[in-house]
Amino acid sequence: MTEWLLDGLLVIALVITAVAALLSRDLFRAVVVFIAFGLLMTVAWVRLQAPDIALAEAAIGAGLTGVLLLDAVSHLGSKRPGKRTQEGGEQ
Amino acid sequence: MTAPLLYALAGALLCGLGLFGLLCLSHLLRKLLAFNVMGSGVFLVMVGLPQHQGGPDPVPQALVLTGIVVAIAATALAVVLIRRYYHLSGLTTLDAEPTSREGGQE
Amino acid sequence: MTLWLMAGLLFTPLAWAVLTLLTDFSRGRLVSWAGILVQVLVSLGLWLAVARDGGFYYGLGGWDAPLGIELRVDGLAVTFVLLTAVVAGACGLHAGAYIDPDKPWHRYFWPLFWFLWSGLNAVWLGGDLFNLYVGLELISLSAVGLVALGGQAGALRASLRYLLAALLGSLAYLLGVALIYGQFGTLSIAGVATWLSDHPVPSGSGMALALMIAGLALKTALFPLHRWLPPAHGIAKSPVSALLSALVVKASFYIAARLWLELGQPIGSLAAAQLIGLLGSAAVVWGSWLACRQQRLKQVVAYSSVAQIGYLFLLFPLTFSVSETVSLQAQQGMTLQVISHALAKAAMFLAAGNLILSVGSNRVDALAGVSRFLPFSLFSFGLAGVSLMSLPPSGGFAAKWLLLQASLGSGQWWWVLVLLAGGLLSAAYIFRIYRASFLESSGTDQFFHPSRSLEVIPLILAMLALGLGLASDQVLTVMALPFEGEGAP
Amino acid sequence: MIQALRISAIAIACLMFVAGLAASIWAIAGNPLPESLPQLLSENMSRSGVEHPVTAVLLNFRSYDTLLEIGVLVIAGIAGISMAKTTSLEDPELRTSDSLLYALQRWFVPLMLVLAGYLLWAGADRPGGAFQAGAVLAATGVLMRLGGIPMEFIRPGLLLRLGLALGFTVFLLVALASAIGGDAFLAYPPAMAKTLIVVIESVLTLSIAMVLLALFVSAPVNDAEDPEEGGSS
């Protein structure tokens, strides 16, 4: 019974985080929620008796993808679109 | 109804969510997030469905490992392209058509 | 002997990808030309071996089908392997002379080119659903990399669009594969087909087939999912455009066709078959119509690809619930259409690249007066156009003749209208280019002559496309070879 | 208005898609499974050279998939560094003087290196293996990079390309050697299967980490203008 509760809650949490990651207004928050989604996926893989995928998901899905996207978000947020012409002029 | 089947059905839902995101969201990074959500959904179906009857099955697990690596490769490539695209054009979406004249496209 | 050929076929492109990764563009060019020679010889050898002894299964890693990955080496597969060797070889030779070796990032052209080639071979020979997925991703990512090469905003935009479409298509396909594995417990196409031949169709497998074919149709740019194709094919460098239009879109179509021929009869439905045929017809008409209205030369050629791909999808209705002869005619027509379009479209893109190089602009109206300077590339363009317009004796004519016979033979006369309309419309957009180039204009006195080697390659490809109609019988006998000897080469 | 209509149309289509998919999954789950691959797998495990079934599938039974998959990674790496026309990695914006990050780095980097080594070593008979170890290794690199350690070897030069190609080359050579030895492409001799798999896994770990790291590092781009044919002229 507790197992069912755990699985049910996990699935609900997965769907909620996925929705939140896609619909969040703030892009930075969306990526953070997506990392949480990845961590929940890790737990789901453990529940599915797939420890290999759980390890890979934790390292790649949540870790690397998260860092990659966070870095991209800060990049896209910080630089102004007009910068292109300035830099083009310098070089 | 078993736990793997529950996860497979959740995977179906995630696929639908990801599809919706890929089609509706315009920001490229959000599209990328949607792609990853949809990918996770597909992987859940892939592992959950066969394990519903047979118990742990290493074959789809190995396939999903391969799939995850392919997905990160695609994601990382897309991020590089998006950043460079932003750097050159200042755009983060593909919606606006600044230069192209596709003559005839609706 | 066949074992050696197979090892060579699988090994060479991958090995050359690594080799060229370690060199710069000019040295990579020499290395690649040697590699092209090896690969053409190996492909030809394999084609001859299969033509003589019939097809076989090749278990990779020494493991047989359900557990390991089996390659299906049959007449159709080796024909396409040989076609790839010819077209990709030609594009490689052309690219070597065409691409500027001084740009440092052009060194990455060769590794991507070779990875693309190995992905194509993996798809032609693949008999395992998941392995085909990995092959498709290999093709998509290297194609995206090739489009983006150079990293200009327009190219990046097109390649991002291409990447997103390709990824969505792959995921849909993979979802279908997941359902197939959940249902049948195997990933081998042959295994699924064998099981279906003596069991009732299980419920839920229709969705699996629909997902796979929908994903592949997106990757093949079937109308109305075609909108990613023209920007990507139009903006890439000409040898890359030629590769993409001639071969890359065919790879996903080929998988869809294989799935339909093996699983369509039991799992598919008449409505689905007619719907796909209808979409194909819409692609023929709509693609040709848009090709007539494009302002830029390469966009015309790219939209023409959308139209020509449409013909291929007539295979679906023409092989569903029809007699054996009609089905065979449709399959032969499809094969010839793939080959002739690959040759003609590669020739056309390479010739278009030469024309753009000459007049220094990619606009159609900038071609005014070119006919005085460059009869050669213009001539290749026209020869390829003959095949696209499907005039005799071209390969395009032979293909459409077979499709016509199959339509009439199965009583589905409505596809005949599509074939006729498509032919007329393609004539319209090709003559439009011709008209533009024969216009007298005072403005085009500056004119750059591309080197001879750039001009010869499209001519040869166009001649091959034209001559295919005469040699179609020989090609088709190899394609229809019976599948002999299980696993014993 | 039209936008809202479009979004709701897509939403309805996606809902129908989910419903259809769920119905198919439900139907398939009710059907009996015709073939049991796990059983066949466990019968052949003794010939695979490793004890862990997932590793056996990845690096022996379906090694061709893995070979092509590494190819996909290398392609992504190549395409990524082809975008990076930067000659200098000393992008000042990337350096963080965050003390938290510094502390993290001091404690985490050695820990993560050990973890990567363990994962690689465990792969033969327990969960773990080249992918996980490679990812952890790459994550270590990312952490070091964020801490401002320049990491010269990621510069787009011959060394980087050698690193990208290393794992793939070794894998490919093993495949070729087995074909020359008279068996099929990628068929390891049974006696050497274990050794070969361990060797392949080790180099793959390095290559995977290298590619992921290269993609991460090449993402910041400097400016480079180059008019191309077919552009918006």
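Residues are numbered from 1 along each chain as its sequence is written, and chains are lettered from A in the order in which they are written. Because the model is predicted, local features need pLDDT of at least 70 and side-chain atom pairs count only at pLDDT 80 or more, while totals for chains, interfaces and linings use all residues.

**Chain contacts**

Two residues are in contact if their C-beta atoms, placed from the backbone, lie within 7 Å. Five pairs of chains touch, and chains C and D make the most contacts. Chains A and C do not touch; 11 Å separates their nearest C-alpha atoms.

In the table, Ala, Val, Leu, Ile, Met, Phe, Trp, Tyr, Cys and Pro count as nonpolar, Asp, Glu, Lys and Arg as charged, and the others, Gly among them, as polar.

On chain D, 55 residues contact 63 residues of chain C. Helices α1 (2-30), α2 (37-44), α3 (53-61), α4 (63-83) and α7 (158-180) of chain D each supply at least two residues to that side. The most, 13 residues, come from α4(D). Helices here are DSSP runs (H or I, at least four residues), numbered from the N terminus.

On chain A, 33 residues contact 37 residues of chain B. Helices α1 (2-23), α2 (27-47) and α3 (51-78) of chain A each give at least two residues. The largest share is that of α3(A), with 14 residues.

**Nonpolar core**

A nonpolar core is a set of buried Ala, Val, Leu, Ile, Met, Phe, Trp, Tyr and Cys residues joined through C-beta atoms within 7 Å. Buried means 20 or more other C-beta atoms within 10 Å of a residue's own. The largest core has 361 residues, and Ala346(C) and Ala76(D) have the most contacts inside it. Its largest share, 23 residues, comes from helix α6 (residues 153-184) of chain C. Setting aside residues up to four places away in sequence, Ala346(C) touches Val87(C), Ala90(C), Cys91(C), Ala242(C), Ala246(C) and Leu461(C).

**A helix pair in chain C**

The axes of α5 (residues 129-148) and α6 of chain C come within 9 Å and cross at roughly 175 degrees. Axes are lines fitted to C-alpha atoms over the stretch in contact, with angles from 0 to 180 degrees between N-to-C directions. α5(C) and α6(C) are therefore roughly antiparallel (over 145 degrees). Their contact has 17 nonpolar, three polar and one charged residue. Among them, Tyr133(C) and Glu137(C) lie in α5(C), and Tyr162(C) and Ser170(C) in α6(C).

Technical notes. Buried ≥ 20, exposed ≤ 12 C-beta atoms within 10 Å, placed from the backbone. Parallel < 35°, antiparallel > 145°, perpendicular 65-115°, else oblique.
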